[in-house]
Amino acid sequence: MSSRQQTHQNETGAAKERYVACFMTFADLPQVMALEAASFSDPWPEVAFVQAIASARCHAIVVRSTEERVLGFLIGYVDGPELHIADLAVSPDHRRCGIGRILMRDVLGDTSLRCSSAVLDVRESNRAAIKLYESLGFRLVGRRPGYYRHPVEDALVMRA
């Protein structure tokens with residue numbers, strides 16, 4: 001994604017919403033932290049997001065509604081030719097509306113990152129996320145036993 005904002009539209013039933021994908025800023029942190037807490041039983045601490053935004057090798061993006069509400073975010077780290085998707089969350093009331101797909105397509109399509117592959121970990125019970133990742137070309141390449149806490153669960157390692 002370039003430094004300019006990208007606008008997306010999504011139709012859900014009769015309602016049409018407009019979303020804007022752009023770089024995460026420090027001003028987004030209160031909403032990002034609320035989404036993180038609503039999405040994960042073992043959320044990242046705020047300092048991890050501060051470090052991500054400040055890191056030159058991090059690609060941190062948000063999707064906002066036209067009312068400036070953060071509906072989702074993605075944190076990815078560039079490591080040579082590989083992009084590691086480290087964290088992705090979508091507001092519970094906007095799941096299955098295409099926000100996760102917008103975030104993933106945005107980062108995977110960003111040629112300025114110069115990445116030839118992407119990797120991520122996902123809870124093995126998170127069927128919706130696994131289905132999304134598979135639809136974007138990710139395939140299972142490994143497993144990390146007991147990777148997640150609260151509750152303890154294996155992570156599936158997926159690569160595209």
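Analyst: The protein has 4 helices and 8 strands, and from the N terminus on its elements run β-β-α-α-β-β-β-α-β-α-β-β. This is a predicted model, in which local features need pLDDT of at least 70, side-chain atom pairs count only at pLDDT 80 or more, and totals for chains, interfaces and linings use all residues. Residues are numbered from 1 along each chain as its sequence is written, and side-chain values use heavy atoms, with hydrogens and water left out.

User: How do you know that the side chain of R123 makes a polar contact with R149?

Analyst: A polar contact is a pair of N or O atoms within 3.5 Å; within protein, one must be able to donate a hydrogen and the other to accept it, and residues adjacent in sequence count only if both atoms are side-chain atoms. Here a polar atom of the R123 side chain lies 2.9 Å from the backbone oxygen of R149, so the distance falls within the cut-off.

User: Which residues does R123 touch?

Analyst: Leaving aside residues up to four places away in sequence, R123 touches S41, I130, Y148, R149, H150, P151, E153 and D154. Contact means heavy atoms within 4.5 Å.

User: What makes the bond between H150 and P151 a cis peptide bond?

Analyst: Its omega is about 0°. P151 is found in the loop between β7 (139-148) and β8 (153-159).

User: Why is strand β3 described as largely enclosed?

Analyst: 8 of the 8 residues of β3 (residues 58-65) are buried, so the rest of the structure largely encloses this strand. Both faces are covered, with C58, A60, V62 and R64 on one side and H59, I61, V63 and S65 on the other.

User: How do you know that β3 and β4 pair?

Analyst: Two strands pair if DSSP finds at least two bridges between them. β3 and β4 (residues 70-79) have 7 bridges in the antiparallel sense, so they pair. V62 stands opposite F73 in β4. The two strands form a hairpin with 4 residues between them, and E68 in the turn has a positive phi of about 70°.

User: What makes one side of helix α1 a buried face?

Analyst: In α1 (residues 29-39), L29, V32, M33, L35 and E36 are buried. Seen down the axis, these fall within an arc of 160°, so they line one face of the helix; the arc is that of the directions from the helix axis to the C-beta atoms. They pack against α2 (46-54), β3, β4 and β5, whereas P30 and A37 on the other side are exposed.

Methods: Buried < 20%, exposed > 50% of the residue type's maximum accessible area, 1.4 Å probe, protein only.
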